Amino acid sequence: MKPPPPPAPDIGELRDLVDQWATFATDLARKNYTFDIDNWLNDVDVRELILEALPMFGREELGELAQRLDDADKTFMAATRPLKRCAWGSGTAKKEKWTAQNNWWYFRSPLRSNAQLEDELATVR
């Protein structure tokens with residue numbers, strides 16, 4: 001017996017992810033980031049999930065969602081600075097084929113950061 005086909009992609013789930021990303025980016029621009037590296041990785045993983053989901057939808061389906069994502073990305077970029085290496089580490093970046101061009105969210109850290117996160121990011125190899 002064949003397994004059932006995967007469910008159709010749900011634009012509502014993508015909208016939720018974009019909303020989560022936009023809220024995160026706005027918060028990042030407005031206040032200090034007070035969490036550790038595990039939280040940072042979880043927060044930026046949302047953008048990776050969005051990237052993975054985008055090819056499942058056409059331009060018509062995305063509509064204003066595409067603009068909301070662009071705006072959130074610009075806000076995130078303005079509230080962060082480049083990291084020399086991937087926040088997940090070089091080994092993970094290589095394994096996942098992440099680059100600073102295509103997966104830039106993993107190669108940035110908050111401008112308004114905290115000592116613990118900065119120390120943890122500094123030790124990532």
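A crossing is left-handed if the near helix is turned anticlockwise from the far one by less than a right angle, and right-handed if clockwise. I wrote that down before looking at any pair, along with the rule that helices (H or I, at least four residues) and strands (E, at least two) are DSSP runs, numbered from the N terminus.

This is a predicted model, so I noted that local features need pLDDT of at least 70 and side-chain atom pairs count only at pLDDT 80 or more, while totals for chains, interfaces and linings use all residues. Residues are numbered from 1 along each chain as its sequence is written, and side-chain values use heavy atoms, with hydrogens and water left out.

**Entry 1: H1 and H4**

I began with H1 and H4, and found that H1 passes H4 in a left-handed crossing. The two helices pack at an angle of about 25 degrees, with their axes 8 Å apart; the axes are lines fitted to C-alpha atoms, for helices over the stretch in contact, and angles run from 0 to 180 degrees between N-to-C directions. That makes H1 roughly parallel to H4, because angles under 35 degrees count as roughly parallel, over 145 as roughly antiparallel, 65 to 115 as roughly perpendicular and the rest as oblique. I then listed part of the contact (heavy atoms within 4.5 Å): H1 contributes residues including Leu14, Val18, Trp21 and Phe24, and H4 contributes residues including Leu65, Leu69 and Phe76. By class, this contact of H1 with H4 has 13 nonpolar, 2 polar and 5 charged residues, where Ala, Val, Leu, Ile, Met, Phe, Trp, Tyr, Cys and Pro count as nonpolar, Asp, Glu, Lys and Arg as charged, and the others, Gly among them, as polar.

**Entry 2: H1 and H2**

Next I looked up H1 (residues 11–30) with H2 (residues 37–53), whose axes come within 10 Å and cross at roughly 140 degrees. H1 and H2 are therefore oblique to each other, and their crossing is left-handed. Among the residues that meet are Leu17, Trp21 and Leu28 in H1, and Trp40, Val44, Arg47 and Ile50 in H2. I sorted the residues of this contact of H1 with H2 into 12 nonpolar, 1 polar and 2 charged.

**Entry 3: H2 and H4**

For the pair H2 and H4, I noted an angle of about 145 degrees, with the axes 12 Å apart, and again a left-handed crossing. Trp40, Val44, Arg47 and Ile50 in H2 meet Leu69, Asp73 and Phe76 in H4, and the residues of this contact of H2 with H4 divide into 5 nonpolar, no polar and 2 charged.

**Entry 4: Arg47**

Is Arg47 buried or exposed? I found that at 6% relative accessibility Arg47 counts as buried, since buried means under 20% relative accessible area, exposed over 50% and partly exposed in between (1.4 Å probe, protein chains only).

**Entry 5: salt bridges**

How many salt bridges are there? The count comes to 4, taking a salt bridge as a side-chain nitrogen of Lys or Arg within 4 Å of a carboxyl oxygen of Asp or Glu. In one of them the side chains of Asp19 and Arg68 meet at 2.9 Å, N to O. This pair links distant parts of the chain, with Asp19 in H1 and Arg68 in H4 (residues 64–78), 49 residues apart. Asp19 is partly exposed at 27%, and Arg68 is partly exposed at 37%.

I also looked up Glu118 and Arg81, whose side chains form a salt bridge, again at 2.9 Å, N to O. Here Glu118 lies in helix H6 (residues 115–122) and Arg81 in strand E1 (residues 80–82), 37 residues apart. The salt bridge of Glu96 with Lys95 has an N to O distance of 3.4 Å; Glu96 is partly exposed at 38%, whereas Lys95 is exposed at 63%.

**Entry 6: two loop residues**

Where is Met56? I found Met56 in the loop between H2 and helix H3 (59–62), partly exposed at 47% relative accessibility. Leaving aside its neighbours within four places in sequence, Met56 is in contact with Pro9 and Glu61.

Lys97 has a positive phi of about 60 degrees although it is not a glycine, and at 68% relative accessibility Lys97 counts as exposed.
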